Amino acid sequence: MKIAMIGAGYVGLVSGACFADFGHTVCCVDNDPAKIEALEQGRIPIFEPGLNTLVADNVRQNRLTFTTDLTSAVAAADTVFIAVGTPSRRGDGFADLSYVYAAARDIAAALTGYTVVVTKSTVPVGTGDEVERIIREARPDADFAVVSNPEFLREGAAIGDFKRPDRIVIGADDARAANVMNEVYRPLYLNQAPILVTGRRTAELTKYAANAFLATKITFINEIADLCEQVGANVQEVARGIGLDNRIGSKFLHAGPGYGGSCFPKDTLALVKTAQDCGTPIRLVEAVVAVNDQRKRAMARKIVTACGGSVRGKTIALLGLTFKPNTDDMRDAPSLSIVAGLQDAGARIRAHDPEGMEGAKHLMPDIAYADDPYSCAEGADALVIVTEWNAFRALDWALLADSMAVRVVVDLRNVYRGEDVARHGFHYVGIGVPTPEA
Ligand code: UDX
């Protein structure tokens, strides 16, 4: 199969490299010449475990190429994936589809022979219809079908998620296109991944429903964590106690500072807007969006309380800035709200992140950055674990106890057992877990 992948961002690059690894011939197209040049020289613009090697291997085997020339890539392809960004539109929260529609227009002009055009980007229900209309209007003669094939990739685990998916959802309104998509995913038959063929609108909605459900699960356990703190219960045990019920499931019940990243905040908001537009508001998800926004800000207040009610003039050391580990992605990271809240309260911030500091420096130029957790904590009045990177899972508390000005630890990811840290003379505060005696 010959595949053109429009958009060499996170989703496009991971999907393109994985399809090439399946044996397809993939051409990744991007209109940013600097990005294409970097990729051609083997430089990967994002941090994703395993992606460097996967790209290099497939480039070497001539199965993966990069170009800015959309026309020739599309003309040669059996399947064209649209994997461009759909950011939240400023002001109203709707998904901004201008990049998707621009890609559709460019694709239309370049189509030759029967081609399946696939929306991989997360797009509101009905976008496939519009993509089809745009192409049909521009090229009444073209032989094509538009299919929805949402991605369910977690950053940091994207290659594994692509190659061993829980399911593949294909929204195709005609059998010929569904057959082509079956060919595209045939290599996954070996893994027995369920392939669900649905109508196009159903596939589009499935993606939003999945992300909104997961965001709801996280928000639910976060609110239960707050209650645990008030009544002296332990949220981790509650999560285990409910998660062992198969109807609930144990995943996505880890209480923390609120969900962030490139998908959940944007997709929950877009679903809320679509539902309101259709006159069937999803009030549950509206509440999830509001609760999660407030939670990120509330984390700064939690840190202030742990510091005895004031952080004015104090140095707060933050470990972890990205929205989750194993990524350099700072989009909608809880750290952004936490830093802003602490700065408003008069704190000085020093931070360390294994991969996110470059990105963070653009967003937060006015905080100090440290090369490792220990220089970050030196002389600090509190240490806050914001992201659960592995590098923070076995900190030397004896060393930290000696080097910090004040022994306060706020563990927003419950990485540690409170008693283990308190033993070194720290005041330990976790999320929804009892605070041990220092
Ligand atoms: C998510 C979906 O998982 C993926 O299927 C979708 O296609 C894209 O969005 P991603 O944003 O990469 O993936 O990260 P994910 O691992 O899902 O985490 C999202 C956020 O939820 C992070 O901020 C994470 O810290 C938070 N989270 C996750 C929790 O706070 N608790 C949990 O139990 C799980």
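A nonpolar core is a set of buried Ala, Val, Leu, Ile, Met, Phe, Trp, Tyr and Cys residues joined through C-beta atoms within 7 Å. Keep that idea in hand as you explore this structure, which is a predicted model. Its largest nonpolar core has 129 residues, and a ligand is surrounded by 19 residues, with Cys263 among the closest.

**The nonpolar core**

- Within the largest core, the residues with the most contacts are Ile6, Ile316 and Val384.
- Helix H9 gives the most to this core, contributing 9 residues.
- Domain 1 (2-198) and domain 2 (290-429) each supply at least three residues to this core.
- Leaving aside residues up to four places away in sequence, Ile316 touches several residues, including Ile303, Leu342, Ile349 and Val384.

**Cys263**

- The UniProt record, an unreviewed entry, places the feature "active site" at Cys263.
- You can find Cys263 in the loop between helix H10 (235-243) and helix H11 (264-277).
- Cys263 counts as buried because 24 other C-beta atoms lie within 10 Å, and the cut-off for buried is 20 or more.
- Thr122 and Asn211 are the residues that Cys263 touches, not counting residues up to four places away in sequence.

**Around the ligand**

- Of the 19 residues that surround the ligand, the closest are Glu155, His254, Tyr259, Gly261 and Cys263.
- Helix H9 (residues 200-231) provides the largest share of this shell, with 3 residues.
- Sorted by class, the shell holds 10 nonpolar, 5 polar and 4 charged residues.

Note on methods. Residues are numbered from 1 along each chain as its sequence is written. This is a predicted model: local features need pLDDT of at least 70, side-chain atom pairs count only at pLDDT 80 or more; totals for chains, interfaces and linings use all residues. UniProt positions are given in the numbering used here, feature names are shortened, and annotations may be inferred rather than shown by experiment. Helices (H or I, at least four residues) and strands (E, at least two) are DSSP runs, numbered from the N terminus. A residue is buried if 20 or more other C-beta atoms lie within 10 Å of its own, exposed if 12 or fewer, and partly exposed in between; C-beta atoms are placed from the backbone. Two residues are in contact if their C-beta atoms, placed from the backbone, lie within 7 Å. A residue is near a molecule or strand if its C-beta atom, placed from the backbone, lies within 6 Å of it. Ala, Val, Leu, Ile, Met, Phe, Trp, Tyr, Cys and Pro count as nonpolar, Asp, Glu, Lys and Arg as charged, and the others, Gly among them, as polar. Domain bounds come from an automatic or database domain assignment.
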